[in-house]
Amino acid sequence: MNKLNATLLLCSMLLFSCMGKKADLIVYNAKVYTVNDKFDTVEAFAVKDGKIIELGSNADIEKVYDAPERIDAGGKAVYPGFIDAHAHFYGYGESLQSANLTGTKSWAEVCAKLEAFAKDHPEGWLIGRGWDQNDWSDKTFPDKAALDRLFPNQPVLLTRIDGHAAIANQKALDAAGIKASYELTGGDIVAKNGKLTGLLIDNAVDLVSSKIPPATAEQQEKILLDAQKNCFAAGLTTIDDCGVDAPLVEFIEGLQASNKLKMRLYLMLSDKKENYDYLFKRGAVKTDRLNVRSFKVYADGALGSRGACLLHPYSDMPGKQGFLLSKPEHFEEVAKKIARNKFQMCTHAIGDSANRAILKIYNKVLGGTNDARWRIEHAQVVAPEDFALFGKAKIVPSVQPTHATSDMYWAAERLGNERVKGAYAYKQLLKQNGWLPLGTDFPVEQINPLFTFYAATARKDAANYPAGGFQMENALTKEEALRGMTIWAAKANFEEKEKGSLEEGKFADFIILDHDIMSNDDAKILNTQVLKTYINGEKVYEKK
């Protein structure tokens, strides 16, 4: 080889070396929390075709890769996209189209808000959600008298914040054919002196809500896309939607295929025959953005409306213990059917009696150690002797830390000082299997996952109450909380090999925050802002 050819070859090799390997995106100058097994942090990573191809130091990534898009994180913290292990994505989108009654301080304020909402909705049903009588000076449940007076010709249904109670006016009750003598299992149509009050508890709510006309395709699209927009702004990249019906699956598939709906969703189908028939026939649905392999079953109601099923009467209402929403035989029949078809069972259980009933059924059907990852959603009040039933059959407690900080003002009144010690016991639950998925349960609670992080670790609410934290023996460490919102939430969905941490081969779902929640003072957590959210390496949100 002559000198000229050798020089040309050397130049071409140097040029190729400078160009480096091709990537689509490089993130550098960051503090990247990988949330891998060792909980490593790195400075940079490269993305190609929507997945992470390498992580390392700034120098290592810059030396090897070249990309048309580069993000200088400016030393900011980068985390895996947050995963909400228990929420109501579609229900949240619906709530954005109805009267927002969250934070109201009296029934009079609820009625005033509804009057304002009705001015723009003069026809059809008036729907609202978010009231909570526990926040009022008069903590008794309201009745329908004011609604009958204000809206005699328009049906009204106002759902309590937890979704387990509602107030309906007479027009709505008439639409559902409800009389004072109506009887049902797992619910309560409250009457006083033989007359309907409009108060509906648990299954009774469905009698009225089922009469509301279904959303049109155009309305459904708006519901989903409005929800997506707000979730991306909160740093959420995967959401478990707990309790939807089969037709919504195919509607979501269509929106995702058109690339309008980019949110990754884990859908649990509701406990209905038509939903079982649909999924058993079709089989599990799994794409990069959609996973349908589980069923949501309801064991009892909520503590706030005294529908949670307790082993002993409520401390503040000795004649009431709550109730199961179906007969015990139903839960066992459903469990056997789900197990036989190799799907996941996820059961809402709040009270200690409901948790015990479902835990015993799970243990009986699963028969010990397994990887079925059957879940109990909430696991809110557990008798001391029943905690071991989780670990015995590898049952996953799926919890929502902000429930503790919302309920702490009155939980001891409902449960008494001894029984409340087994409530919101996240550290005890974590010890059962060594991992614990976390969620928000929005729109029951706020959508912001940083509230979840703060409630789990500081055990305080947004008002920084109480000063020393609520039952701090059950607080999680920051690492445990972050894992619960990322890799452990992914594991609860059988998705830990594709998301939940920033590792080679996984989806490039990540967020950039303006504060590092892992190292900064607790006081800064609630004011932390999401700067950018990425799914598959594509920016889906940027703070203006």
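Mentor: A490 is buried, because its relative accessible area is 0%, and the cut-off for buried is under 20%. This is a predicted model, and what follows is computed from its atoms. A490 sits in helix α19, which covers residues 487-492. If neighbours within four places in sequence are set aside, A490 is in contact with I83, E495, E496, K499 and G500. From S315, by contrast, A490 is 175 residues away along the chain, and the C-alpha atoms of the two are separated by 38 Å.

Now the chain around that residue. It has 19 helices and 26 strands. Of its 544 residues, 56% count as buried, and A490 is one of the buried residues. Among contacts between residues at least 6 apart in sequence, 71% join residues at least 24 apart. The radius of gyration is 25 Å, which agrees with the value near 24 Å that a compact globule of 544 residues would have. Taken along the principal axes, the C-alpha atoms fill a box of roughly 110 × 55 × 50 Å. The accessible surface comes to about 22900 Å², and carbon and sulfur atoms account for 51% of that area.

Next, the charges. The chain carries 68 positive and 71 negative side chains, with the centres of the two sets 2 Å apart. Side chains of opposite charge can pair when their charged atoms come close. The count of salt bridges here comes to 31.

One of them joins the side chains of K22 and D66, at 3.6 Å from N to O. This pair links distant parts of the chain: K22 belongs to strand β1 (residues 21-22) and D66 to strand β7 (residues 65-66), 44 residues apart. K22 is partly exposed, as its relative accessible area is 48%. D66 is also partly exposed, with a relative accessible area of 33%.

E253 is in helix α9 (residues 246-257) and R282 in helix α10 (residues 273-282), so that the pair links distant parts of the chain, 29 residues apart. E253 counts as partly exposed at 23% relative accessibility, and R282 counts as partly exposed at 38%.

The side chains of E332 and K364 likewise meet in a salt bridge, at 2.7 Å from N to O. Because E332 lies in helix α11 (residues 328-340) and K364 in helix α12 (residues 352-366), the pair ties together parts that are 32 residues apart in sequence. K364 is exposed, with a relative accessible area of 57%. Elsewhere, D132, R160 and D162 are linked in a network of salt bridges.

That leaves the backbone. Most residues other than glycine have a negative phi, and most peptide bonds are trans. Several places in this chain depart from that pattern. The peptide bond from F442 to P443 is cis, with omega near 10 degrees. P443 is placed in the loop between α16 (426-433) and α17 (449-457). A further cis peptide bond runs from Y465 to P466, with omega near -5 degrees. The loop that holds P466 lies between α17 and α18 (478-484).

As for phi, N29 has a positive value of about 55 degrees although it is not a glycine. N29 is in the loop between β2 (25-28) and β3 (31-33). With a relative accessible area of 31%, N29 is partly exposed. R306, also a residue other than glycine, has a positive phi near 60 degrees. R306 is located in the loop between β20 (290-298) and α11. At 14% relative accessibility R306 counts as buried, because the cut-off is under 20%.

Methods
Residues are numbered from 1 along each chain as its sequence is written. This is a predicted model: local features need pLDDT of at least 70, side-chain atom pairs count only at pLDDT 80 or more; totals for chains, interfaces and linings use all residues. Side-chain values use heavy atoms; hydrogens and water are left out. Helices (H or I, at least four residues) and strands (E, at least two) are DSSP runs, numbered from the N terminus. The radius of gyration is taken over C-alpha atoms; the globule rule is 2.2 Å times the number of residues to the power 0.38. Buried means under 20% relative accessible area, exposed over 50%, partly exposed in between (1.4 Å probe, protein chains only). Contact means heavy atoms within 4.5 Å. Accessible areas come from the Shrake-Rupley method with a 1.4 Å probe; for residues, only the protein chains shown count as cover. Lys and Arg count as positive and Asp and Glu as negative; His and the chain ends are not counted. The place of a charge is taken as NZ of Lys, CZ of Arg, CG of Asp or CD of Glu. A salt bridge is a side-chain nitrogen of Lys or Arg within 4 Å of a carboxyl oxygen of Asp or Glu.
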